[in-house]
Amino acid sequence: MLEHALIAGAFSFCIGISGLITSRNMVRAPMCLESIFNAVNVNSVVSFNTLDAEEIKGEIFAIFVIAIAAAEAAIGLSIALAIYRNRKSTCVD
């Protein structure tokens with residue numbers, strides 16, 4: 001179980017990084033960043049549960065990461081909307 005979850009998290013992290021590097025769209029970039037945050041959540045919860053199953057450190061860390069990701073998504077999309085209003089394009093160039 002541990003290996004499968006860590007491999008899935010690493011796969012999701014790699015997809016997020018490659019999407020973030022190759023993305024030219026301001027809407028797709030935060031979505032790739034969310035994928036990276038979710039991969040970190042999966043890996044941290046699995047790792048903390050493997051190390052100490054009686055404490056909920058991994059779940060608490062994941063809740064903080066989810067809160068930060070929600071704030072990042074709200075701010076990022078509002079910036080993208082403001083740039084779209086000025087430039088009429090969401091291209092990162």
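I started with Leu51, which sits in helix H2 (helices are DSSP runs of H or I, at least four residues, and strands are E runs of at least two, numbered from the N terminus). At 72% relative accessibility, Leu51 counts as exposed (over 50% relative accessible area is exposed, under 20% buried, in between partly exposed; 1.4 Å probe, protein chains only).

A note on the source: this is a predicted model, where local features need pLDDT of at least 70 and side-chain atom pairs count only at pLDDT 80 or more, while totals for chains, interfaces and linings use all residues. Residues are numbered from 1 along each chain as its sequence is written, and side-chain values use heavy atoms, with hydrogens and water left out.

Which residues form a nonpolar patch on the surface with Leu51? I got Phe13, Ile17, Ile21, Val40, Phe48 and Phe61, and with Leu51 the accessible area comes to about 640 Å² (Shrake-Rupley method, 1.4 Å probe, only the protein chains shown counting as cover). Patch members have over 30% relative accessible area and no salt bridge; nonpolar side chains (Val, Leu, Ile, Met, Phe, Trp, Tyr) are joined within 5 Å, like charges within 9 Å. Helix H1 (2–22) and helix H2 (28–51) are the elements that give two or more residues to the patch.

**Helix H3**

Next I checked the span of H3, residues 57–87. Its 31 residues should span 45 Å at 1.5 Å a residue, and the end C-alpha atoms are 44 Å apart, which agrees (expected span: 1.5 Å times one less than the number of residues). I listed Gly58, Ala62, Val65, Ala69, Glu72, Gly76 and Ala80 as buried in H3. An α-helix has 3.6 residues a turn, so residues three or four places apart point the same way. H2 is among what covers the buried residues of H3 (contact: heavy atoms within 4.5 Å). Just after H3, Lys88 takes a positive phi of about 65°.

**Salt bridge**

How many salt bridges does the structure hold? I found 1 (a side-chain nitrogen of Lys or Arg within 4 Å of a carboxyl oxygen of Asp or Glu). Lys57 pairs with Glu55, closest N and O atoms 3.6 Å apart. Lys57 is partly exposed at 47%, and Glu55 is partly exposed too, at 39%.

**Cysteines**

My search of the whole structure for disulfides gave 0 (a pair of cysteine sulfur atoms within 2.5 Å). Cys14 is in no disulfide, and its nearest cysteine sulfur, that of Cys32, is 13 Å away. I noted Cys32 as buried, at 11% relative accessibility.
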